[in-house]
Amino acid sequence: MRPGTDAADGDIVRAVLAGDRERYAQLVERYRDRYARYAARMLGSADAAEDAVQDAFVRAFDQLAQCKDPNKFVGWFFLILRNRCFAERRRNRTSAPLEAAEAVAAADRTDGGTETAERRRALQQALLELTPEQREVFVLKHVEGLSYGEIAERLSTSVPSLKMRMHRAYDKLREQLREHT
Amino acid sequence: MSGREFHPLVKQLLDGDITLADLPAELRPEGEEALQLLTAVDRSPVELPAVPQRVMWSLVREPKRALGRRLIARAWVLAPTLAAAAALVLLIGRPASVAPPAAAVVTVRFVLAAPGAHDVAVAGTFNQWDLHATPLVRTGDQGLWTATIALAPGQHQYAFVVDGVRWVPDPAAPAVDDGFGRRNSVLTL
């Protein structure tokens, strides 16, 4: 085990900024998967998530000096990844989301039959029709299992505004799924 | 209400604030439809084992970063090794000497003995450490995996990737420190 493998995030960030930049690898290894599912559901495929997470880590490295509280590196990193996901979806808004949804369903078809996979695919397809803001709150609450309070804290927003966003998402998902079936 | 929107109480049900039993009887079918939506939520985990490799290589190869000066020419491997693996790289052919230098390539065969593996790939500087770019194919019944590719002359760093997660340096090839306590295999053509 390398020295400092169990070090706190803040200690690693400070060490990287002080010149021991190779230790950034520890942060990447530590958090490479934490938001992978979030990115995959936001973007519609694991491949797109991989690109986004990679880019976010590189951007975070470049901007590390701007991480005001090194002990909260992971929350700061999440916001960089979030921006990357939002930008990606806006950029690809005209692309066909169906392929991406199918990619997710196919990759994750491990614990159910065809019907489960089809329902997942339909929901993922419908999710991609939401605005990024609506999709995000749905993903954080119903995929990641966070409470409204936790989401509000992470995104620096209020619970009522999140609920409004979510409730619009519910209606839109219902509409999308009814059109699909 | 348009009929396309969920009733506010059903939205509370989806939020987890109330249960199906709390709904008036006439709203329960709608509540059941709504809960059905949530059962289709895909919570299966997503893993990105190649990200550390790709991130650090990206940091290394871009000279604008001061970091690159310390790490340049040192690629990066971060994963457990496979103790039982043995591997070798065979040069099985070179282009005819009449070929123009700019078009010269060298055919390289990567071989890894990994009888228990489900899949094997080789990732390196020649394919941007992409786990999916160069899969090896199981050959015969000896547990050998092989891939033959054409590479440009020069120095390449690489490692084998077993089952998508285990990074295995080539014990038959020279290696360099990856800067993170592990070794990358080096192939000079």
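Me: Let's call a nonpolar core a set of buried Ala, Val, Leu, Ile, Met, Phe, Trp, Tyr and Cys residues joined through C-beta atoms within 7 Å; buried means that 20 or more other C-beta atoms lie within 10 Å of a residue's own, with C-beta atoms placed from the backbone. In the largest such core, which residues touch the most other members?

Reply: This is a predicted model, where local features need pLDDT of at least 70 and side-chain atom pairs pLDDT 80 or more, while totals for chains, interfaces and linings use all residues. Residues are numbered from 1 along each chain as written, and chains are lettered from A and ligands numbered from 1 in the order written. The core has 81 residues, and those touching the most others are A:V28, A:A39, A:A49, A:A52, A:V53, B:V120 and B:V161.

Me: Which helix gives that core its largest share?

Reply: Helices here are DSSP runs of H or I, at least four residues, and strands are runs of E, at least two, numbered from the N terminus. The largest share is 8 residues, and they come from residues 46-62 of chain A, that is, helix 4.

Me: Where does this core lie relative to the domains of chain B?

Reply: Domain bounds come from an automatic or database assignment. Domain 1 (8-39) and domain 2 (51-188) of chain B both contribute residues, so the core lies between them.

Me: Is B:D170 buried or exposed?

Reply: B:D170 sits in the loop between strand 7 (166-168) and strand 8 (175-177) of chain B. Because B:D170 has 24 C-beta neighbours inside 10 Å, it counts as buried.

Technical notes:
A residue is buried if 20 or more other C-beta atoms lie within 10 Å of its own, exposed if 12 or fewer, and partly exposed in between; C-beta atoms are placed from the backbone.
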